[in-house]
Amino acid sequence: LESILARSSQAYNQWKETSIESRGEILSRLAGLAEQNKGQLAALLTREMGKPLVQAEAEIMRLAAVARYYAENADGILRAERLAEVEEKQALVRHDPLGVVLAITPWNYPASLLARSAIPALVAGNTVLLKPAPNVPGISLAIERLFLQAGFPEGVFQVVFLSNEQAG
């Protein structure tokens with residue numbers, strides 16, 4: 001666990017400096033890869049958790065849709081928002097990366113709930129450790145491979161198998 005955390009922390013130091021445009025390009029590739037591999041990923045999801053194939057395919061497509069949404073809208077979402085002038089100074093809301101984020105996903109929506117938590121964190125410049133439910137290790141590792149194929153650098157998105165006690 002310590003080496004995984006160190007790798008994620010080192011990756012964060014580089015990833016946070018990656019331009020929003022580059023992060024968006026990688027997310028676009030992720031969306032395309034999820035769509036291209038929908039059948040294989042859905043079949044794996046069905047085998048592991050028993051979800052009907054049609055629902056599993058829809059879940060993979062939600063992952064792709066979330067990735068595409070953030071790829072296309074990251075600049076606007078992350079743009080600093082000027083609130084007011086206060087004593088000749090500007091008051092801003094900024095969306096800066098924070099570091100390593102731990103995403104804990106349930107067994108029943110291991111791809112789409114991961115997308116909703118991990119992708120916004122990644123587009124903002126954070127790195128993500130995924131602790132999946134113990135009964136869906138295969139789909140979690142397949143998604144990790146998808147992230148790497150899309151061009152996410154090593155250590156930016158990693159699956160980590162922990163007990164609940166370790167995660168705490």
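Leaving aside neighbours within four places in sequence, which residues is phenylalanine 157 in contact with? With contact meaning heavy atoms within 4.5 Å, the list for phenylalanine 157 is Leu114, Ala118, Leu122, Val128, Leu130, Ile143, Glu144 and Phe147.

Before going further, a word on what you are looking at. This is a predicted model, in which local features need pLDDT of at least 70 and side-chain atom pairs count only at pLDDT 80 or more, while totals for chains, interfaces and linings use all residues. Residues are numbered from 1 along each chain as its sequence is written, and side-chain values use heavy atoms, with hydrogens and water left out.

## The nonpolar core

At 3% relative accessibility, phenylalanine 157 counts as buried; here buried means under 20% relative accessible area, exposed means over 50%, and partly exposed is in between, with a 1.4 Å probe and protein chains only. Phe157 is also listed among the residues with the most contacts inside the largest nonpolar core, together with Leu27, Leu30, Leu122 and Phe152. That core has 47 residues, a nonpolar core being a set of buried Ala, Val, Leu, Ile, Met, Phe, Trp, Tyr and Cys residues joined through side-chain atoms within 4.5 Å.

Several elements each supply at least two residues of this core, including helix 1 (2–15), helix 2 (20–36), helix 6 (137–150) and strand 5 (157–159). Helix 4 gives the largest share, ten residues. Helices (H or I, at least four residues) and strands (E, at least two) are DSSP runs, numbered from the N terminus.

Helix 5 has twelve residues and reaches 16 Å from its first C-alpha to its last, close to the expected 16 Å; the expected span is 1.5 Å times one less than the number of residues. Its buried residues are Ser112, Leu114, Ala115, Ala118, Ile119, Ala121, Leu122 and Val123. Just after helix 5 comes glycine 125, with a positive phi of about 105 degrees.

## Aromatic rings

How many aromatic pairs does a search of the whole structure find? It finds four, where rings of Phe, Tyr and Trp (its six-membered ring) pair if their centres lie within 6.5 Å; planes under 30 degrees apart count as stacked, over 60 as edge-to-face and the rest as tilted. Tyrosine 69 and tyrosine 70 make an edge-to-face pair, 5.1 Å centre to centre with 90 degrees between the planes. Tyrosine 69 is partly exposed, at 43% relative accessibility.

Why is the pair of phenylalanine 147 and phenylalanine 157 stacked? Their ring centres are 4.0 Å apart and their planes at 10 degrees, so the pair falls in that class. This pair links distant parts of the chain, with phenylalanine 147 in helix 6 and phenylalanine 157 in strand 5, ten residues apart. Phenylalanine 147 is buried at 2% relative accessibility.

## Salt bridges

The structure holds four salt bridges, each a side-chain nitrogen of Lys or Arg within 4 Å of a carboxyl oxygen of Asp or Glu. Among them are these:

| Arginine 68 | Glutamate 35 | 2.6 Å |

Arginine 68 is partly exposed at 28%, and glutamate 35 is partly exposed at 32%. Arginine 94 is exposed, with a relative accessible area of 54%, whereas aspartate 96 is partly exposed at 41%.

## A buried serine and an exposed glutamate

Serine 8 is found in helix 1 and is buried, with a relative accessible area of 0%. Not counting residues up to four places away in sequence, serine 8 touches Val100, Thr127, Leu129, Gly155 and Gln158.

Glutamate 154 sits in the loop between helix 6 and strand 5 and is exposed, with a relative accessible area of 60%. Beyond its neighbours within four places in sequence, glutamate 154 is in contact with Ala11 and Leu148.
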